[in-house]
Amino acid sequence: AVMKLYLKSFLFVVPILSAWYLFSPSLQFSYVWDDWLLVGPYSYHNVKDGFSLAFNAPLPFSVNYYRPLTIITYFLETRFVESIMFSHGFNIFLHCLNGFLLYLLVKKYWEARISPPCNWAASLVATIYIAHPAVMEGVVWVSGRFDLMVTFFLLLSLLSDLYINNKFSRAFFVSIFFLAALLCKEMAITFPVILLIFHFARSDCRYCFKWVYQEGLVPVYTGLLLALMAYILIRSAALGYLLYEDSQMPFIPFGNALQRVLLVGAAFSGYLLMMLWPFSTTGSIHYVDLPVPLTNIPGWFGLILILFIPSITIWVYIYNKPIRIIFAPVMAVMVSLLPLIHISPGPMLMGNTLVADRATLFPLALLVLNIYPILVACKSSKAGSILSVGFTIIWILLSAIFLNISMPIWQH
C-alpha cells in the first residue's frame with residue numbers, strides 16, 4: 001500500500017520523461033529557416049548593441065512582432081552558450097515544464113467535481129498533450145520557442161488563479177505572468193477573456209460579473225488591466241507605434257468580402273482538425289489557395305462552428321450550470337484561436353500559409369482538460385477502465401510513431 005501511494009505521487013514524471021524521450025532526437029538537429037536570424041552568429045541581434053536591439057526592435061519577419069522576452073533568451077544563448085544542442089535542449093526543457101504544469105492544472109481545474117484527484121488520469125492527459133503531433137513544430141524548431149514560452153506563462157497564470165488564496169497575491173501573480181506571456185507572443189492578448197470563461201464556469205450565479213465581485217476577483221481583473229496597459233506602454237515606447245500596417249499586406253489577394261470571411265473559417269477548422277486528428281499530414285507547412293474559393297467546405301464548416309460554439313456555450317451558461325465546466329475549455333480554445341485565424345491578416349499569408357502547428361501549443365492544453373473526467377468516469381467499471389486506458393495508450397503510441405516518422409523533416 002505504501003509503495004502504491006509512493007508510485008501515485010510520482011506519476012507527474014511520466015509526461016516529463018515522455019517529452020524528453022520523444023524529442024531528444026532533435027538535440028542532433030541543425031538550425032532551420034528562421035532559426036538563423038534569431039540565434040547564433042548570424043542572428044539579427046548579434047551586434048554591439050544587441051541587447052538594446054533585442055528589447056527595442058520588432059522581429060525581422062514583421063513590424064508588428066514584438067516579443068522581447070523570448071528574444072532575450074536567444075540573445076543570451078548567442079552570447080554565452082552558442083550551442084545548437086543547447087537551443088534544442090532548452091525547447092525540450094520548456095515542453096517538459098509545460099507538461100508538468102498541465103498535470104497540475106488538470107487536477108486543480110476538476111477538483112470541485114472530482115475528489116480525490118486521480119493522478120494516473122492527470123498523468124495520461126498530460127502525456128497525450130506532450131506526445132501530440134501538433135506540438136512537434138514548436139518543440140523541435142528552435143523558432144517555436146515563442147509558443148512554448150507563451151504557453152508556459154499562461155499556464156502559470158491559470159495555476160496562480162487556482163492555487164493562490166490571498167486575493168492580492170493571486171492578482172499579482174496572475175497579472176505578472178500574463179504580462180510575461182504578452183512579451184513572448186501577441187496571442188496572449190485574449191487571456192483575460194479565457195480567465196473570465198473559466199471563472200464563470202466555476203460559479204453558481206447566472207451573471208458572472210456579480211460572482212466576480214462576490215468572490216473577491218476584482219483585484220485579479222484590475223491587475224490584468226494594469227498588465228495590459230503596461231504592455232501597451234512598453235510596446236509603444238520600444239517600437240514608437242502600437243500597430244503598423246505591413247507594406248506587403250495590400251498585395252495579398254483576399255478576394256471579396258465573403259472570401260475574406262471564408263479565410264477565417266478555413267483557418268479555424270484547420271486548427272481544430274490539427275488538434276483533433278493530427279495524423280493527416282507530415283508536412284511542415286499548411287498551404288491555402290488565395291483568394292479562398294467559395295466552394296471551400298472547411299471554410300464554411302469553420303464559420304458554422306464559430307457561430308455555433310458561442311451560441312451553445314451561452315445557452316449552457318444560462319440554463320445548464322452543472323455542465324458549464326465542460327463547455328468552458330471548448331469556448332476557451334475558440335477564444336485562444338482568435339488571434340491566429342487571420343481576422344487581422346498576418347505575415348503567414350504572404351507565403352499562402354493557412355495555419356501553423358506550433359500555434360496550437362496553448363489551445364491544445366485547454367482542449368485536453370476535458371479528457372480527464374472521461375478517464376475518471378470510465379474507471380467505475382472494469383470494462384470502461386480497460387477501454388479508456390487502452391484507447392489512450394493506443395493514441396499515445398500512434399502519436400509517438402507519427403513523431404518518429406515526421407520529425408526528421410526538421411533535421412536540416
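Me: How many nonpolar, polar and charged residues does the lining of the largest cavity have, by class?
Reply: In this predicted model, local features need pLDDT of at least 70 and side-chain atom pairs count only at pLDDT 80 or more, whereas totals for chains, interfaces and linings use all residues. Residues are numbered from 1 along each chain as its sequence is written, and side-chain values use heavy atoms, with hydrogens and water left out. Ala, Val, Leu, Ile, Met, Phe, Trp, Tyr, Cys and Pro count as nonpolar, Asp, Glu, Lys and Arg as charged, and the others, Gly among them, as polar. Sorted in this way, the lining of the largest cavity has 7 nonpolar, no polar and 2 charged residues.

Me: Which elements give two or more residues to the lining of the largest cavity?
Reply: A cavity is a set of points, on a 1 Å grid over the protein atoms alone, where a 1.4 Å probe fits but cannot get out, and a lining residue has an atom within 4 Å of a point. The largest cavity is lined by Leu105, Tyr109, Leu158, Asp161, Leu162, Leu195, Phe198, Arg202 and Leu369. With helices taken as DSSP runs (H or I, at least four residues) and strands likewise (E, at least two), numbered from the N terminus, the elements giving two or more of these residues are helix H6 (84-109), H9 and helix H11 (191-202).

Me: How much space lies in the largest pocket?
Reply: A pocket is an open set of grid points with protein on both sides within 12 Å along at least five of seven lines. Points are joined across faces, edges and corners, and a volume is the space filled by probe spheres set on them. Of the 50 lining residues, Tyr65, Arg67, Gly346, Pro347 and Met348 lie nearest the centre of the largest pocket, and the space in this pocket is about 1400 Å³.

Me: Which element gives the most to the lining of the largest pocket?
Reply: By class, this lining divides into 30 nonpolar, 10 polar and 10 charged residues. At least two lining residues each come from H9, helix H13 (218-239), strand S1 (286-287) and S2. The element that gives the most, with 4 residues, is H13.

Me: Are Arg145 and Glu77 buried or exposed?
Reply: Their side chains meet in a salt bridge (a side-chain nitrogen of Lys or Arg within 4 Å of a carboxyl oxygen of Asp or Glu), with N and O 2.4 Å apart. This pair links distant parts of the chain, with Arg145 in helix H9 (residues 145-163) and Glu77 in helix H5 (residues 68-80), 68 residues apart. Taking buried as under 20% relative accessible area, exposed as over 50% and partly exposed as in between (1.4 Å probe, protein chains only), both Arg145 and Glu77 are buried.

Me: Which residues are linked with Glu137 in a network of salt bridges?
Reply: Glu137 forms a salt bridge with Arg358, their closest N and O atoms being 2.9 Å apart. Glu137 lies in helix H8 (residues 136-140) and Arg358 in the loop between strand S2 (353-355) and helix H17 (361-367), 221 residues apart. Glu137 is buried at a relative accessible area of 4%, and Arg358 is buried at 19%. The network links Glu137 with Asp147, Lys185 and Arg358.
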